Amino acid sequence: MRRLWLAGALACPFAASLAGCYWLASYQDLTSGLADAHADGAGAFDASVDSPAVSEAAADSSSGADAPLEATAFCPDDGGPFVYCMDFDDVDAASLGLFTYEAHAGIVDGISVSPPSSLFVHLDGPDVGTSGGYSVAFPFLPTSSRLEFQLRVGTLSDSTVTSMGIALFDSASQTWRSLQLLVQPNGAYQIQEYIDAPSGGNGWGHTPYPSDGGGIAAGDWHHVVLTLDADDATQTYTSGLTVDGTVVEDHVPLQGPWTQGTANISVGSSYCRTGGSQIYYDNVRADFVL
């Protein structure tokens with residue numbers, strides 16, 4: 001079941017542009033495949049109170065009361081005031097606003113961490129920007145963002161895959177800053193930063209782990225926790241990554257020029273050059289601290 005707690009109405013800051021859905025094509029090319037493929041914004045998930053996926057989830061900010069959706073063990077009642085949860089069970093795929101470009105994406109039964117369903121993404125085409133998934137935008141500027149999810153590789157092609165990530169949008173400079181998990185063909189994984197401004201984009205790949213590959217094994221579920229701290233008041237900009245209980249990064253200073261911005265998460269996959277990768281996602285949870 002899905003669960004979303006918010007103190008006010010939701011809005012989508014990138015309804016007219018997919019620049020915010022920064023699913024980078026490759027840690028080598030450091031390009032934004034999805035934005036390049038469809039800059040008209042088709043497929044962006046407008047997380048408004050009228051969206052079927054989050055309807056009735058936004059609370060009345062004047063009263064300060066929360067209006068949570070049905071609680072599950074995956075997303076309990078004490079989850080906090082700013083939480084998004086999705087386990088893809090009993091959810092209409094159309095309500096997620098799934099976007100695909102030379103890919104297939106949908107909710108499937110039979111392979112999951114929390115039965116019965118998960119999100120399946122099959123990246124088909126060779127073009128830059130081959131992508132499948134959806135994004136969710138929030139109106140607040142968090143100082144800390146935590147994205148937790150389960151990932152299962154069916155197959156990996158010989159091209160690095162970009163999986164889920166956190167992005168911050170600075171409306172003053174019209175700049176997107178994204179932190180994402182990359183999975184290499186040998187199973188090694190790493191964090192990548194990408195900053196896209198009107199003047200152009202730039203990216204930084206963190207050290208891959210494990211150094212000899214084999215970290216993400218096909219056929220197994222892997223528990224990923226990605227964290228981003230961006231606090232302008234304290235000038236703190238750090239990343240964290242834990243995979244299957246192994247702490248890969250813990251408050252590592254970010255390399256790019258970061259700042260706070262309105263939050264969004266991307267749920268899905270993207271890559272560059274060659275097709276064939278198949279990835280499942282389950283039990284997505286995002287927690288924010290303002």
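1. Before we get to the sheet, a quick word on terms: two strands count as paired here if DSSP finds at least two bridges between them. Keep in mind, too, that this is a predicted model.

2. Seven strands make up an open sheet, and going across you meet them in the order β3-β6-β15-β8-β9-β10-β11, with antiparallel pairing. The edges are β3 (99-101) and β11 (200-205), each of which pairs on one side only. Ignoring direction, neighbouring strands of this sheet are turned by 20 degrees against each other on average.

3. On to charged side chains: the structure has two salt bridges. One of them links E148 and R146, with an N to O distance of 2.8 Å. How do its two ends compare with the 20% cut-off for buried residues? E148 has a relative accessibility of 19%, so it counts as buried. R146 comes out at 32%, so that residue is classed as partly exposed.

4. The other pair is R285 and D287, whose side chains meet in a salt bridge at 2.8 Å, N to O. Buried means under 20% relative accessible area. R285 has 14%, so it is buried. D287 has 16% and is therefore buried as well.

Key:
Residues numbered from 1 in each chain as written. Predicted model: local features only at pLDDT ≥ 70, side-chain atom pairs only at ≥ 80, totals over all residues. Heavy atoms only, no water. Helix = DSSP H or I, 4+ residues; strand = E, 2+ residues; numbered from the N terminus. Axes fitted to C-alpha atoms, helices over the stretch in contact; angles between N-to-C directions. Salt bridge = Lys/Arg side-chain N within 4 Å of Asp/Glu carboxyl O. Buried < 20%, exposed > 50% of the residue type's maximum accessible area, 1.4 Å probe, protein only.
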